[in-house]
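Hi everyone, thanks for coming. Let's have the sequence and the model up on the screen, and then I'll walk you through a few places in it.

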Amino acid sequence: MHYQGNSLEQHWMPFTANRAFKAEPRLIRRAEGTYLFNQNGDRIIDGSSGLFCSPAGHCHPKIIEAVHEQMKVNTYTAPFGLGHDGSFALAAEVAKLTPEAINHVFFVNSGSEAVDTALKIAMAYNNARGQAYRNRFVSRERAYHGVNIGGVSLSGMVKNRETFPLVMPNVVLMRHTWTGEDLFCAGQPDNGGELAEDLQRICDTYGGGQIAAVIVEPVAGSTGVLVPPKGYLERIREICDAQGIVLIFDEVITGFGRMGENFAAQTFGVTPDIMTMAKALTNGSIPMGAVAVKDEIYDAVIDSSPDGAIEFFHGYTYSGHPAACAAGNAMMGLIAEEGLFERSKALAPYFHEAVMSLKDHPLVRDIRAIGLIAGVEVHPYPAPGARGTAMQRDMFWGGLHVKFTGDVGILAPQFIAEPEHVDEMIGKFRTVLDAHDKAVPRAAE
Ligand SMILES: Cc1ncc(COP(=O)(O)O)c(C=O)c1O
């Protein structure tokens, strides 16, 4: 038998500089609450809730127990034509959190699958209402909608697109909403609401009646926390209503209390027709995503098929997996029992003040914050993204996990974090900023 030993070589890691990682691995051996522990036993505070996944803290005993109990009695149910109690219970709990008109939930296994499913639901709905000719999708520059072909087609991040030219056709991008006019802003910027008129211009150019759906992240998370300017989402909703366009909110990051309310839809007071979610749905413990839709969309698709026929030809082998549902149901319990969303809301002002204290640092170009998420953007050096990558690595060895996208460090504390945890994150962030500041001669900037 060929024995390979404990090699890092075989695993092709996702969204990772494989050669750099394998030369200097960063392994997590254990996680508990707000902390991660690496291969040396060092304690690392989690400044990004993993990847915005774990607001209730790592290794929550109630989630572990719920999954364990579930796995003892039923490890798998074929989801096409069969069901198990957990998925119905979870859908009912999720529907209690979504806006009033949104009461039907389709389960998937990730945010990317949620996005592609949402697009297909929009197509099925347009078909059901006799408007199958709507064949154009509208998204935004600097959007991130996951990595499947639908989501990549709708994304506005060059690195995620340039290698994959053969994506979905007929996608038009609006401009992103970072104008540079409201630097160091906590909450919604005053400027930029008029960028919603991009959608009107697209309707005027292509015909609003040809547009199948518009998709936006209420707050563009992965590209560095771009908060919607005041009035922006309201105007997008207004244009969609006027043109009969399906509006999708991609709430994979913003959902489940990150903005203080249940979903960003409630925080901003704008209700989409379809919303995607994932990540915090199971506290990141088991892969799961979901798409929630307005009753009229569900009814139209269901009623357009003859009795007894499958109404929507879509689904995944692991849709509504029993283990994921058990984790999701446990998480729904924790949201209520531990007042997780209230904690998120209560911590936000402290977090904003703390993160904005980095404003005085010469390496910091902008800080954008809302709810329990903030993007700290550093001046690029020596090439775009290089400093961000180096800082993320150095923070890890300095005892802080922060996810960087390009040169933006995205801080997103867990909802169980206390002010002293926030202080620890910001203190360690500053230490690494200082180290990088000293490492580069001023004139070289
Ligand atoms: C807004 C948004 N949509 C979709 C995704 C993709 O989710 P996943 O990585 O679970 O496929 C992400 C991931 O960060 C996201 O932020």
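Let's start with helix α9, residues 232–243; helices here are DSSP runs of H or I, at least four residues, and strands are runs of E, at least two, numbered from the N terminus. At 1.5 Å a residue, the 12 residues of α9 should span 16 Å, and the end C-alpha atoms are 17 Å apart, which agrees. That expected span is 1.5 Å times one less than the number of residues.

Before I go on, this is a predicted model, where local features need pLDDT of at least 70, side-chain atom pairs count only at pLDDT 80 or more, and totals for chains, interfaces and linings use all residues. Residues are numbered from 1 along each chain as its sequence is written.

Which residues of α9 are buried? They are Tyr232, Leu233, Ile236, Arg237, Ile239 and Cys240. They cover an arc of only 165° around the axis, so they sit on the same side of α9; the arc is taken from the directions from the helix axis to the C-beta atoms. On the other side of α9, Asp241 and Ala242 are exposed. Buried means 20 or more other C-beta atoms within 10 Å of the residue's own, exposed means 12 or fewer, and partly exposed is in between, with C-beta atoms placed from the backbone.

What do the buried residues of α9 pack against? Their partners are α8 (197–206), β8 (211–216), β9 (246–250) and α10 (264–268), where contact means C-beta atoms, placed from the backbone, within 7 Å. Just after α9, glycine 244 has a positive phi of about 70°.

Now to serine 153, which lies in helix α6, residues 149–154. Serine 153 counts as buried because it has 21 C-beta neighbours inside 10 Å. Setting aside neighbours within four places in sequence, serine 153 contacts Val167, Met168 and Val171.

On to the ligand. Of the 14 residues around it, Ser110, Gly111, Ser112, Gly146 and Val252 come nearest; a residue is near if its C-beta atom, placed from the backbone, lies within 6 Å. Helix α5, residues 111–128, gives the most to this shell, with 3 residues.

Last, the domains. The assignment, which is automatic or from a database, gives domain 1 (18–56 + 339–444) and domain 2 (63–337). Their contact takes 31 residues from domain 1 and 27 residues from domain 2. Over C-alpha atoms, the centres of domain 1 and domain 2 are 27 Å apart.

Key: Contact = placed C-beta atoms within 7 Å.
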